Amino acid sequence: MRLLALAVTAALAFPASAFAQTLPDLPTLDETPAQRTARRAAMTPPVPQEDTALQAAIGSSARPAADVARDEWRRPFETLTFWGLTPGSTIVEIEPGRGGWWRNILEPYAQATGGTYHAVSRPLEGMGVVDGTADLVVVARALHNWHRAGRTEPYMAAFFKALKPGGVLAIEQHRSVDGLNPDQTAPTGYVPESYVIRAALAAGFVLDARSELNANPKDDRDHPYGVWTLPPTRVSAPREGNPIDRPTPLTDAERAAFDAIGESDRMTLRFRKPA
């Protein structure tokens, strides 16, 4: 069984697990106290079993090789388990992008477990589900764009409306040093964790848990072309019309150094809509 090493600030109670329990025969109406004691002693405690459907979706040969190569940085099994993905869930992913990295896991998982997956690119035009019916809304690496466009507040409100009571808003986001102004950090692809938390709380969510699953202490966030300097984008020269970019391209040594950092330092957050 694959072991999970989750560094979280709140306890994680196997949200994506099934439970197996060995049960003896049901008691008879004439069971004696001694028989009842023996029957209860024979009952083994439940043993958590990993979500085999999720393992199958992640391990599927249908996933692009480039997606699989990023698993060491994005930790899909551990991250989705932390977020509380369960079989049969109604899942909404916001702005999955052309590559569909999370979609390539979540959509087949939903199909295999009797759930549904909805990709939503314009939340203010519709969330793809009836209000109050989504189990999980997934947001990955998007809040820096929303801040710059003034969309964070209305988007959070749309997520809250779509989720059922007790439903989860799952966020993975490039993380700046806390306390910095998101007006200054968002153009580089990073925002402070406190900014994301405040935005979600203002929409009515409660912070359920924070994890360092996707932290990367090698990432100092000081890159010539923002977070896109790092893998997987690997921008290595200034982009036309981009004011944050250094005017000169990377040297070979610089390119190798940024590749060695790996993917960005990211916050991994779980918010819940109050029941």
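Colleague: In which sense do S3 and strand S4 pair, and over how many bridges?

Modeller: Good place to start! Keep in mind that this is a predicted model. In it, S3 pairs with strand S4 (residues 116-120) in the parallel sense, over 5 bridges. To find the pairing by eye, look for Thr-90, which stands opposite Thr-116 in S4.

Colleague: What does the chain pass through on the way from S3 to S4?

Modeller: The path runs through helix H6 (residues 103-113), and this β-α-β crossover is right-handed.

Colleague: Which residue of S5 stands opposite Ile-91?

Modeller: That is Leu-136. S3 and strand S5 (residues 134-140) also pair in the parallel sense, here over 4 bridges.

Colleague: Is strand S3 largely enclosed or open?

Modeller: A residue counts as buried when its relative accessible area is under 20%. In strand S3 (residues 90-94), 5 of the 5 residues are buried, so the strand is largely enclosed by the rest of the structure. Look at the directions as well: Thr-90, Val-92 and Ile-94 point one way, while Ile-91 and Glu-93 point the other way, and all are buried.

Colleague: Now the rings, please. What describes a pair of aromatic rings?

Modeller: Two things: the distance of the centres and the angle of the planes. Rings pair if their centres lie within 6.5 Å, and by this rule the model has 6 aromatic pairs. One of them joins Trp-101 and Trp-102, at 4.9 Å centre to centre with 90 degrees between the planes, an edge-to-face pair. Both Trp-101 and Trp-102 are buried.

Colleague: Why is the pair of Trp-146 and Phe-159 called tilted?

Modeller: Planes under 30 degrees apart count as stacked and those over 60 as edge-to-face, with the rest tilted. The planes of Trp-146 and Phe-159 are at 50 degrees, with the ring centres 5.7 Å apart, so the pair is tilted. Trp-146 lies in helix H7 (residues 143-149) and Phe-159 in helix H8 (residues 152-162), so the pair ties together parts that are 13 residues apart in sequence. Trp-146 is buried, with a relative accessible area of 1%, and Phe-159 is buried too, at 0%.

Colleague: Which residues form one aromatic cluster with Trp-83?

Modeller: Trp-101 and Trp-102 do.

Colleague: And which charged ends sit over the rings of Trp-101 and Phe-82?

Modeller: Over Trp-101 you will find the charged end of Arg-63, 5.4 Å from the ring centre. Over Phe-82 sits the charged end of Arg-270, 4.8 Å from the centre of that ring.

Conventions. Residues numbered from 1 in each chain as written. Predicted model: local features only at pLDDT ≥ 70, side-chain atom pairs only at ≥ 80, totals over all residues. Heavy atoms only, no water. Buried < 20%, exposed > 50% of the residue type's maximum accessible area, 1.4 Å probe, protein only. Helix = DSSP H or I, 4+ residues; strand = E, 2+ residues; numbered from the N terminus. Lys NZ or Arg CZ within 6 Å of the ring centre and 35° of its normal. Pairing = 2+ DSSP bridges. Right-handed = clockwise from strand over helix to strand, strands pointing away.
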